[in-house]
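Visitor: I have a structure to look over with you. Could you take me through its sheets, hairpins, helices and cavities?

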Amino acid sequence: MKTYFYRLVLMMCFSLGVLLGCKKDSDSTINPALTELQKSLEDPRPVEGNIRFFITDPALELGIIQRVPSFKVDVLVYGHKDTNGYLKDVTKTIIYNPNTKGWVEMLYDNGYPSQYETSKGYVVELKNYNRSKKNVEVTIKTKADNKIIKESVDFALSAEFFQNIDAYNKYKSGKVGAVNGICNDNTARAVAAAGVAANTFGCVLGITEIAVTGGLAAIPVGVGTLLNCYSAITGLYEAFTKDDITDRYLGPTGACLSKSAGNGYQVAYECVKNPLKLTTAVINCATQLIATEADFYDCGCDDSNSKKNPAHSTADPHLMTHDGTGFDFQSHGEYIATKSTTDNFEIQVRQEDVYKTGRVTMNTGLAVQTGTDVVCVTVKPNRLFVNKQVQDLNTLTALPLKDGASIKKTKDNGRDVINITNKNGDLIKVIIQGTDYLDYYLYLTENRKSKVIGLLGNYDGNKNNDIQIRNGENILINGSLDFNKLHSNYADSWRIAQSNSLFYYDAGKTTDSYTEKDFPRSLQTLTAEQKIKAEATCRAAGVSTEPFLSNCITDVAITNNPEMAKSAVFGQQNDSRNSKPIPIVQEGVDVKTITSGRYFSYLLKTDGTLWACGRSSDGVFGVGNTAVDTKGYFMKIMDGVKDIAKGDQSSHMLILKNDNTVWAFGRNEWGQIGNGVSNATPVFPAVQIMKDAKLLAVTSVSSYIVKTDNSLWAFGQTFDNGKSIAGNVPVKIMDGVKDIAANWTNVVILKTDNSLWRASGFVKIMDNVKSMNVGDFCTMIIKNDNSLWVEGSNEAGQIGLGTLTKSNGYTKLLDDVQSVANGYQFMYILKNDKTLWSVGNNSLGLLGVQTSQRGVLNKVLDDVKSVYCGPLSVFVAKSDNMLWALGNYSDIGYGLENNIYRYKFVPINVK
């Protein structure tokens, strides 16, 4: 039904020429509200004339939004309202030019401008208006440092300025009669009050030079232009008869419009504490009223983070709580997503294994208790139920519910979007993604804070307690989630029972029909190739921020469906938080050994599987590609491995297989592969070098093998007193060898009689040695009595003597030591009581504690099983077989997050 409106116009005292003259790019910092409002001017839907929206929600300070497309200007008017939602006065106005991105914000005190701020960081203060002298005191400052740019105690004003102040207060007092009998005096008061402010800021556009360029010379002139253009009331009655402005009233009851014409145009607004923060949804909602002339419409507005960044569940599914904690939840069944603890409001979700993966589920249904009504949306087939009665999705546009709730269907990139609102102002947005699954977004009002429970958290502002079992137990521990507890105790506590289900069920089905407790049967495992291919698909679709990129990669890779990227695109558009997904620890990692270079790491599990992460330049992963980058996760590269080489390996690798054969791959310009060739061409896949081996060690340019007969063999650039003693094939060096430790500058040999020798010159170091480790120009020895002895370079305090002085002889450092590991200028010591200690240079945060002291031992962790160091990384396996790491992200491969240097230990997934 077409509705007729009265027309009015506000006389803008600026010219089109002024605006056109200001159309130049600006690097101004845009007010958040104005950023969103810019999009309204780019709306392609046809609009006749200018548009003014009267926001008649009494709880919202924003009273008027005026779009003037002919001038490309948006004006926002704020003030106090009466119980009907009409402005009683004006306290603030904003005007924005989206072409220049310049804006000016003005504050008022009883009609007098008291301050205005520009987008270029200037603040103008006005005080002590003098009617007799017709002037005002003006101070111009820079906002960043409060520096005064200019002051004037007698800035001249026109007589008209004070006349308009009087007129404003007259209208504000309600001394204006009804306008054409359509509404009431309050309407006229709102129009008059808004007219003053809006026209004033029309004049501000005449000083856009201030807002856009911040030119100091223009500021005094701009103040005069602003104040002396304060002539909104003149010609106001005449304006009521103009036809170039379309007015719409937007409020909880339809306000004036519903009384005059019988139509209820509704926008459900949330109480806004800071009405500057408008969302695009409000403007789009309002402009749709003009375009469609719908009988009923609902949309939401809120200044809180929940409105800009809603809780949501997308794709396989990835959850984001109300407080911004992101995690994956692939259990199978029907659950409480969010439930109010104070009123009859609840959202339930159904998750199923849509693609029969055995590993991930999708959202296939959502049921919402809005008050006394229940709305249910399902897919396969796509249906909408209200109180268990099916609705026609094809023809549905809007549907009123009881208790002030409503349903509205819109479109987004061809997807049906179901918007469900209730009287509280909560908005539930359901995006039907084809016929397979749906995504949902929850925009809860601020009065829901700390008054909800469910999968999506308690909305108390604390991200660290969002993932709780229903009994209150928090399972988000040290930034990670236990896979088994998440999908058993946690999942079961939020499962619904048939007696409290909100869902519609086809004949013969109940909630048990959708319940599969032994799910997921395994955590998703992706190969490097799968991830690389999926990432390319996601980035091509426009996904670039977290957590949506990681989510998209998982979704596309597991389902092999590129359409899954659309969920991530929509999420990225509606959630500005850069929230890293919570790592889910599937299981302990039974580590046999780990060795790291500067850009990669190898992890050998006790089951004989070898895993790698980081960058594989020079074929160092041995998988047939010289440029694989695992993007921060481990990938399996080989089975049947017994041991891997230890040492400063930055270019190649030796593998000992279960049959005692040695295989090599990677860089080979020094002959360190041992295949009889020395050139710069990397070797991959791995080639067999030797049989009957038991121990391996490498440096960047050399390789060492101890055979089962205890003979030591070397190849590559090995040295004896500065002379090369080996080439590109293995050469026997000595017999009776038990172990070897290697570094670029330092190779030591443990013989079967437990004597320790330096390889260069074969100099004996010490007897009764149990094990040893070497760093750059330093050596650490654990004797048979478990005492630790250290020697060598100490410029960063890395050998723990409490000084920065080099040790030229071996010094006893500690007793009761189990093992020791070294990185670049730092050392970790594991004692037999399972305590872990660190010492050395902490400038890169590699000591696991906050300290700037060098040479002083620091206790780091308890209950440690083993420790491994790379040049810029540290791995720790705890007694429960949980693996933790810190340092260079390429080395430590901590699963879901990448491109971040970790200064604290984080849990590692190897799966």
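Guide: One definition to start: a cavity is a set of grid points where a 1.4 Å probe fits but cannot get out, and its lining residues have an atom within 4 Å of a point. Note too that this is a predicted model.

Visitor: How many cavities of 30 Å³ or more are there?
Guide: The count takes in cavities of 30 Å³ or more. By that rule, the number comes to 7.

Visitor: Which strands each supply at least two residues of the lining of the second largest cavity?
Guide: The second largest cavity holds about 60 Å³ of space. Its lining includes His318, Leu319 and Met320, and also Gly326, Phe327 and Asp328. Two strands each supply at least two lining residues: β12 (318-320) and β13 (326-328).

Visitor: How do the residues of that lining divide by class?
Guide: Among the lining residues are Pro547, Pro581, His312 and Asn551. Asp328 is also in the lining. The division is 5 nonpolar, 4 polar and 1 charged.

Visitor: At what angle do the axes of α12 and α13 cross?
Guide: Two packed helices are described by the angle between their axes and the distance between the axes. Here α12 covers residues 528-540 and α13 covers 548-559. Their axes come within 8 Å. The crossing is right-handed, and its angle is roughly 115°.

Visitor: Which residues of α13 make the contact with α12?
Guide: From α12, the contact takes Gln530, Lys531, Ala534, Glu535, Thr537, Cys538 and Arg539. By class, the two sides together give 7 nonpolar, 2 polar and 3 charged residues. The α13 side consists of Leu549, Cys552, Ile553, Val556 and Ala557.

Visitor: Which residue in the hairpin of β6 and β7 takes a positive phi?
Guide: β6 (residues 112-118) and β7 (residues 122-130) run antiparallel, joined by 3 bridges. Glu117 stands opposite Val123 in β7. The hairpin has 3 residues between its strands. The one with positive phi, near 90°, is Gly121.

Visitor: In β8, what is the bridge partner of Val123?
Guide: β7 is joined by 7 bridges to β8 (residues 135-142), and the two run antiparallel. They form a hairpin with 4 residues between them, and Lys134 in the turn has a positive phi of about 55°. Across in β8, Val123 has as its bridge partner Lys141.

Visitor: Why is one side of β29 and of β32 left without a neighbour in the sheet?
Guide: The sheet is open and has 4 strands in the order β29-β30-β31-β32, with antiparallel pairing. β29 (591-596) and β32 (635-638) stand at the edges, so each has a single partner strand.

Visitor: In β31, what is the bridge partner of Leu603?
Guide: β30 spans residues 600-605 and β31 spans 610-614. The two run antiparallel, with 5 bridges between them. In β31, the partner of Leu603 is Trp611.

Visitor: What is the average twist from one strand to the next in the sheet β44-β45-β46-β47?
Guide: This is an open sheet of 4 strands, paired antiparallel. Its edge strands, β44 (737-743) and β47 (763-766), each pair on one side only. From one strand to the next, the twist averages 30°.

Visitor: And in β45, which residue is the bridge partner of Val737?
Guide: β44 and β45 (residues 746-751) run antiparallel and are joined by 6 bridges. In β45, Val737 has as its bridge partner Lys751.

Notes:
Residues are numbered from 1 along each chain as its sequence is written. This is a predicted model: local features need pLDDT of at least 70, side-chain atom pairs count only at pLDDT 80 or more; totals for chains, interfaces and linings use all residues. Side-chain values use heavy atoms; hydrogens and water are left out. Two strands pair if DSSP finds at least two bridges between them. Axes are lines fitted to C-alpha atoms, for helices over the stretch in contact, and angles run from 0 to 180 degrees between N-to-C directions. A crossing is left-handed if the near helix is turned anticlockwise from the far one by less than a right angle, and right-handed if clockwise. Contact means heavy atoms within 4.5 Å. Ala, Val, Leu, Ile, Met, Phe, Trp, Tyr, Cys and Pro count as nonpolar, Asp, Glu, Lys and Arg as charged, and the others, Gly among them, as polar. On a 1 Å grid over the protein atoms alone, a cavity is a set of points where a 1.4 Å probe fits but cannot get out, and a pocket is an open set with protein on both sides within 12 Å along at least five of seven lines; lining residues have an atom within 4 Å of a point. Grid points are joined across faces, edges and corners, and a volume is the space filled by probe spheres set on the points.
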